[in-house]
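Here is a short note for a colleague who is new to this structure. Please keep the model open while reading the points.

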Amino acid sequence: MVVQLILGHHTFSLAGHDRGSYVAFRLAMDHPGAVEKLAVIDSIPIIDHLERMDWRFARDWYHWFFFSQKLKPEAAINADPLGWYDAIKPGLMGKEAYDDVVSALTDPVVIHGMVEDYRAGLAVDWKHDVEDRKHGRKIQCPLLRLWSRFDDLVDHFGDPLPIWRSWANDVQGHPLDSGHHIAEVRVSSAISMLRPSTDRPFLFALQAVLEQRHSLPKSRW
């Protein structure tokens, strides 16, 4: 929130993908007067993840728990970053975006920050969700929930809309014809889902940062 104020944004609409959606969710919960509209992509709240997951999630998303350990995750990733992130391919996202991702994944400082985010998810983020639920706090602005049709979040947790409706009173949702890396391969589709209703663009808190060459149009939601 401090960063937004420095940039001159006292109120704004906010969208986040994957881990970035938790940043957006927490900002909307903690500063309800600032966020006019919220969009979350490919996520459900941390507390719902932890309460609903089973052995299949632990099998497919084991890195959640590995990354919560001290030191070893960074050592394992930095030993062979592209071996660890072997699903990242230039054919999937184009060479320019691929080169940007590789430059981040081969930077130990970036890797530490990414792992710290997962550590926070199983510690402070979960505690915040527990407190919010205990006190009946909800998102005050309209919420748009988008998800990748070809990812596995729905397979693990079912329809995400009822989950998010326990956290907000005004919830809409749509699937996107995409795999998980929406920012790299389906950015235009994601933006087109943000339908017109405000003169200002969404601010994005994305796990994979949108490339600067994409000029975001006025908000489409």
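1. A contact here means heavy atoms within 4.5 Å. Buried means under 20% relative accessible area, exposed over 50%, and partly exposed in between (1.4 Å probe, protein chains only). Helices (H or I, at least four residues) and strands (E, at least two) are DSSP runs, numbered from the N terminus.

2. This is a predicted model: local features need pLDDT of at least 70, side-chain atom pairs count only at pLDDT 80 or more, and totals for chains, interfaces and linings use all residues. Residues are numbered from 1 along each chain as its sequence is written, and side-chain values use heavy atoms, with hydrogens and water left out.

3. The chain has 14 helices and 5 strands. Of its 221 residues, 43% are buried. Take the contacts between residues at least 6 apart in sequence: 70% of them join residues at least 24 apart.

4. Look at helix α6, residues 72-79. Pro-73, Glu-74 and Ile-77 are buried there. They lie on the same side of α6 because they cover an arc of only 95 degrees around the axis (taken from the directions from the helix axis to the C-beta atoms). The buried residues of α6 pack against α5 (63-66), α7 (81-84) and α10 (108-134). Exposed Lys-72, Ala-75 and Ala-79 sit on the face turned away from the buried side.

5. Now strand β1, residues 12-17: 6 of its 6 residues are buried. Phe-12, Leu-14 and Gly-16 cover one side, and Ser-13, Ala-15 and His-17 the other.

6. β1 runs parallel to β2 (residues 35-41), joined by 6 bridges; strands pair if DSSP finds at least two bridges between them. Ser-13 stands opposite Lys-37 in β2.
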